[in-house]
Amino acid sequence: MLVLSRKKDEAIVIGHDIEIIITEIGEDKVRVGINAPKHMKVLRKELLDQVKEENLKSAKSKVNLESLARVLKK
Amino acid sequence: MKIHTKFFGEIEIKEEHIINFVEGIPGFPEYKKYTIIHDEGLNLSFLQSVEEANLCFITMPPAMILGNYSFDLSDDIVEKLIIEKPEDVTTLAILNIPEDFKKMTANLRAPIVINTKNNKAVQVLLDDDNYSMKHRVFKEDV
């Protein structure tokens with residue numbers, strides 16, 4: 001992993017198309033501005049991790065369809 | 001072609017029924033091809049992997065859970081799935097069904113979006129945090 005130090009308003013460029021700017025530095029958080037092409041998804045990492053975890057749990061379900069049918073028909 | 005499924009044994013599907021998840025599904029990036037098996041009795045749609053028999057998500061349209069469910073299709077999704085008009089899109093929410101079925105939840109924060117015209121699909125992560133990844137399908141007191 002590449003680790004760089006940046007001051008407020010300084011930026012990092014990734015490849016040709018991605019720019020990351022430190023817009024604000026607070027006591028316990030940093031505001032980060034991102035310029036990236038529309039087709040690239042930019043996400044808070046924990047959101048992606050949560051979706052992965054939820055998908056894994058959902059896929060693991062060992063559901064008996066007959067029992068499920070009884071509950072859903074009520 | 002014949003495929004093995006998690007809940008329905010061996011079934012016959014046609015090439016045009018295969019849905020292509022261009023980026024796979026988070027947690028299962030290596031599997032891209034799925035098909036939908038609709039169970040009329042349960043009124044649920046099973047998103048079955050064509051490549052791995054044991055991989056199957058149970059889903060339902062989010063509108064059946066929240067009548068006013070809606071979201072904007074961001075530009076990157078429209079581009080990725082080559083969407084021409086909103087009517088071409090089908091949306092499904094993945095269900096997490098625990099042992100106590102009454103406690104089942106739906107992931108409304110990350111719906112499955114399918115372009116029915118070209119069968120391209122993706123799981124979208126909505127910015128809107130009003131929708132939950134674990135939305136209770138049944139009311140709590142049931």
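**Exercise 1. Describe the area buried between chain B and chain A.**

Solution. The area buried between the two chains is about 2,700 Å²; this is the accessible area (1.4 Å probe) that two parts lose on being put together, summed over both. Carbon and sulfur atoms give 65% of that area. In terms of contact (heavy atoms within 4.5 Å), 36 residues of chain B touch 27 residues of chain A.

The model is predicted: local features need pLDDT of at least 70, side-chain atom pairs count only at pLDDT 80 or more, and totals for chains, interfaces and linings use all residues. Residues are numbered from 1 along each chain as its sequence is written, chains are lettered from A in the order in which they are written, and side-chain values use heavy atoms, with hydrogens and water left out.

**Exercise 2. State how many salt bridges link chain B and chain A, and describe the one with Lys38(A).**

Solution. A salt bridge requires a side-chain nitrogen of Lys or Arg within 4 Å of a carboxyl oxygen of Asp or Glu. The count between the chains is two. In one of them, Lys38(A) meets Asp75(B) at 3.9 Å, N to O. Next, the elements: H1(B) (75-81) is among those giving two or more residues to the side of chain B that touches chain A, where helices are DSSP runs of H or I, at least four residues, numbered from the N terminus. H1(B) gives the largest share, four residues.

**Exercise 3. Is Thr105(B) buried or exposed?**

Solution. The relative accessible area of Thr105(B) is 10%. Buried means under 20%, exposed over 50%, partly exposed in between (1.4 Å probe, protein chains only), so Thr105(B) is buried. Beyond its neighbours within four places in sequence, Thr105(B) has contacts including Glu54(A), Ile94(B) and Val137(B).
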